[in-house]
2 protein chains.
Amino acid sequence: MTPAASLAEKLLAGERSAVPRLISWAENADERFPAALARIFGRVGGAWRTGVTGPPGVGKSTLVNELARLFRERERTVGILAVDPSSPFTGGALLGDRIRMEERTLDAGVFIRSMASRGSHGGLALAAVDACDVMDAFGFDEVVVETVGVGQAEYDVVSAADTVLVVLCPGAGDSIQAMKAGLLEVADVLVVNKSDVSGADRLVTDLEEAVHIRTAGRTEWTTPVVACSAGTGKGVEGVVEAIETHRGFLAGDRKERLRAEKRILQVRRKVSERLSEAVWGSLGYLRTVETLLRNGATPYDVAARVMTTISAKLVDENPPSTDPGAGRP
Amino acid sequence: MTPAASLAEKLLAGERSAVPRLISWAENADERFPAALARIFGRVGGAWRTGVTGPPGVGKSTLVNELARLFRERERTVGILAVDPSSPFTGGALLGDRIRMEERTLDAGVFIRSMASRGSHGGLALAAVDACDVMDAFGFDEVVVETVGVGQAEYDVVSAADTVLVVLCPGAGDSIQAMKAGLLEVADVLVVNKSDVSGADRLVTDLEEAVHIRTAGRTEWTTPVVACSAGTGKGVEGVVEAIETHRGFLAGDRKERLRAEKRILQVRRKVSERLSEAVWGSLGYLRTVETLLRNGATPYDVAARVMTTISAKLVDENPPSTDPGAGRP
């Protein structure tokens with residue numbers, strides 16, 4: 001048996017040690033990962049994926065910890081992935097935040113993993129989806145993906161989830177900043193954490209008004225605003241209920257359609273990543289670009305020259321066949 | 001004369017109204033822009049470009065306003081571009097922040113422009129570089145690009161600048177968050193704004209220590225930490241001096257090498273953007289992807305199938321010729 005097949009079999013047999021190993025393969029873009037994924041892909045789909053994002057300092061880790069506790073009380077197993085896409089330069093997730101989660105790690109029904117590499121942000125978002133697939137195939141009932149910070153990169157990471165929670169709190173991540181960042185539009189559930197801090201009620205009201213204005217008539221789902229205090233546990237039950245309600249809303253066709261759309265997006269990102277490697281992996285192009293620029297060509301001219309040799313062939317091309325079996329291992 | 005040539009001539013003749021019109025072309029990816037840029041590109045390079053980024057609420061707009069005032073005192077003209085990449089979903093820059101800048105707009109030596117569109121973040125970063133090229137070619141001595149928020153997208157926008165200022169302040173964007181976001185690594189100058197607020201001295205010390213640890217022996221440039229209060233104007237002179245010092249450090253070969261590297265990055269981004277359009281603009285690929293996924297293929301398999309038909313041709317391909325004239329209008 002190949003190493004990929006062997007590790008995949010272990011995962012399917014319920015060997016927990018296979019989970020972090022397969023996630024490491026995904027994180028490192030190990031060439032064995034696709035074959036392993038193909039073997040476990042039929043088991044993917046049973047987990048409910050919740051993405052958690054929001055500005056730094058709003059208490060996302062504490063909330064995730066509490067969510068895990070409540071999921072466990074309901075006898076559901078939980079896989080948690082904490083992603084730090086805002087460190088492309090250091091490449092290191094600050095694991096200090098995770099220490100608070102340790103009480104959960106003594107419980108075999110909870111799996112926690114941090115991730116902060118895979119070069120570019122695009123790669124990190126792809127690796128995060130792969131890691132969720134691994135946790136899903138292993139059989140965790142709930143998969144929670146958490147990101148540090150807020151922005152396009154963070155949204156890319158959580159956007160593959162079924163339910164996206166955006167966490168805010170009075171002061172740190174105030175409502176105006178959230179609106180600026182377009183966070184209201186991407187949230188399935190808005191959570192106001194630190195509900196015992198002054199200003200929380202006002203933030204809830206502001207957000208409810210903003211949601212009302214922005215989503216009026218545009219969607220069948222009205223984003224709820226849920227207040228809680230993850231530090232004391234107060235109100236976190238309400239967050240779980242909001243996730244459940246959204247899950248109920250997405251049941252059946254809606255869920256399948258949403259997941260299919262997210263898979264297509266994943267493929268598009270993968271192809272973009274690979275096209276970029278294919279073009280720039282060849283030193284010839286890079287040298288040509290340097291020469292053209294040195295001779296005063298504009299970046300538009302240079303890009304057009306590179307594209308001329310590539311894209312004429314792309315647009316003439318026939319799409320690949322639709323036989324799904326042919327490309328599989 | 002073509003519209004592109006005509007507008008380019010107006011810009012070269014010093015007609016100020018050509019600046020916003022050309023920037024709009026860049027922002028809207030107008031097909032006339034590349035030809036216009038080719039006509040003015042020989043005049044690009046005289047301006048010093050300063051990028052300003054940092055977390056929301058640290059006072060970036062106020063600082064930029066003060067920098068513009070000091071540049072004007074030194075009889076240098078200033079073009080300012082305020083970019084809001086964190087709104088991919090709303091697509092709207094909050095112009096409220098800019099109202100404070102209005103006192104500057106009565107001065108013909110200052111030009112201010114906001115930008116928040118061009119679909120994707122990648123497109124926005126490219127449009128921002130184009131806008132800087134336009135302001136540069138018009139003859140502004142100083143070009144300042146400011147972004148709202150902090151993250152990869154924001155960094156992409158300011159990264160084309162010669163000098164990158166990262167602005168922090170006590171409380172709002174504290175040093176730990178800045179380190180998490182990898183901000184220290186990308187800063188040429190660290191600015192601690194709101195120096196009159198308690199905690200500012202401590203933040204300066206923390207940042208100096210962090211810079212010392214991170215950059216020791218790795219670079220010839222040691223990122224200075226400059227405290228100021230943009231609201232009162234106190235210490236902003238020191239920020240201008242830090243920019244000047246960095247400018248002096250980059251003089252000559254270093255500047256040329258740095259700018260050449262940034263142009264190459266710009267070309268790579270342009271090519272990526274166009275490749276993506278070329279592949280996914282054809283509905284055939286999208287339908288194939290949907291079919292394969294529906295039949296249970298993994299995203300890796302599907303991406304591999306799409307790539308098989310594309311990349312074999314890419315890698316076999318000869319790089320384009322190095323004759324710079326052939327592709328120009």
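## Close-up views of a predicted model

**View 1. Helix H4 and helix H12 of chain B pack against each other.** In this predicted model, helix H4 (residues 60-73) of chain B and helix H12 (residues 236-249) of chain B pack at an angle of about 75°. Their axes are 10 Å apart. Angles of 65 to 115 degrees count as roughly perpendicular, and H4(B) and H12(B) are therefore roughly perpendicular to each other. From H4(B) come Leu63(B), Glu66(B), Leu67(B) and Leu70(B). They meet Val236(B), Glu237(B), Val239(B) and Val240(B) in H12(B). By class, the contact of H4(B) with H12(B) holds six nonpolar and two charged residues, and no polar ones.

**View 2. Gly235(B) sits in the loop between strand E7 and helix H12 of chain B.** Strand E7 of chain B spans 225-227, and Gly235(B) lies in the loop between this strand and H12. Is Gly235(B) buried, partly exposed or exposed? It has 18 other C-beta atoms within 10 Å. A buried residue needs 20 or more, and an exposed one has 12 or fewer; Gly235(B) is therefore partly exposed. Leaving aside residues up to four places away in sequence, Gly235(B) touches Ser195(B), Ala227(B), Cys228(B) and Ser229(B). Leu265(B) is 30 residues from Gly235(B) in sequence. In space, the two lie 34 Å apart, C-alpha to C-alpha.

**View 3. Helix H13 of chain A meets helix H13 of chain B.** Each of these helices covers residues 253-280 of its chain. Their axes come within 10 Å and cross at roughly 130°. H13(A) and H13(B) are therefore oblique to each other. The crossing of H13(A) and H13(B) is right-handed. On H13(A), the contact is made by Arg268(A), Val271(A), Ser272(A), Leu275(A), Ser276(A), Val279(A) and Trp280(A). H13(B) contributes Arg268(B), Val271(B), Ser272(B), Leu275(B), Ser276(B), Val279(B) and Trp280(B). The residues of this contact between H13(A) and H13(B) divide into eight nonpolar, four polar and two charged.

**View 4. Seven strands of chain A form an open sheet.** Chain A has 15 helices and seven strands. The strand order in the sheet is E3-E2-E4-E1-E5-E6-E7, and the pairing is parallel. Which strands lie at the edges? Strand E3 (110-115) and strand E7 (225-227) of chain A do, and each pairs on one side only. From one strand to the next, the twist averages 20°. Buried residues make up 52% of the 329 residues in chain A. Among contacts in chain A with a separation of 6 or more, 74% join residues 24 or more positions apart.

View 5. Strand E2 (residues 78-83) of chain A pairs with E3(A) in the parallel sense over six bridges. Ile80(A) has Ile112(A) as its bridge partner in E3(A). Helix H4 (residues 60-73) of chain A packs on the sheet. It touches strand E1 (48-53), E2, E3, strand E4 (142-147), strand E5 (163-168) and strand E6 (189-192) of chain A. The direction of H4(A) makes about 175° with that of E4(A). Helix H12 (residues 236-249) of chain A also packs on the sheet, touching E1, E5, E6 and E7 of chain A. The direction of H12(A) makes about 175° with that of E6(A).

**View 6. Strand E5 of chain A is covered on both faces.** Why is E5(A) largely enclosed by the rest of the structure? Six of its six residues are buried. Side chains in a regular strand alternate between the two faces of the sheet. Thr163(A), Leu165(A) and Val167(A) are buried on one side of E5(A). Val164(A), Val166(A) and Leu168(A) are buried on the other. E1(A) and E5(A) pair in the parallel sense over four bridges. Here Gly51(A) has Val164(A) as its bridge partner in E5(A).

**View 7. Strand E6 of chain A pairs with E5 and with E7.** E5(A) and E6(A) pair in the parallel sense over four bridges. Val166(A) stands opposite Leu190(A) in E6(A). Three bridges join E6(A) to E7(A), and these two strands run parallel. Leu190(A) stands opposite Val225(A) in E7(A). Val189(A) and Val191(A) point one way from E6(A). Leu190(A) and Val192(A) point the other way, and all four residues are buried.

Technical notes
Residues numbered from 1 in each chain as written. Chains lettered and ligands numbered in written order. Predicted model: local features only at pLDDT ≥ 70, side-chain atom pairs only at ≥ 80, totals over all residues. Pairing = 2+ DSSP bridges. Axes fitted to C-alpha atoms, helices over the stretch in contact; angles between N-to-C directions. Contact = placed C-beta atoms within 7 Å. Parallel < 35°, antiparallel > 145°, perpendicular 65-115°, else oblique. Left-handed = near helix turned anticlockwise from the far one by under 90°. Nonpolar A, V, L, I, M, F, W, Y, C, P; charged D, E, K, R; others polar.
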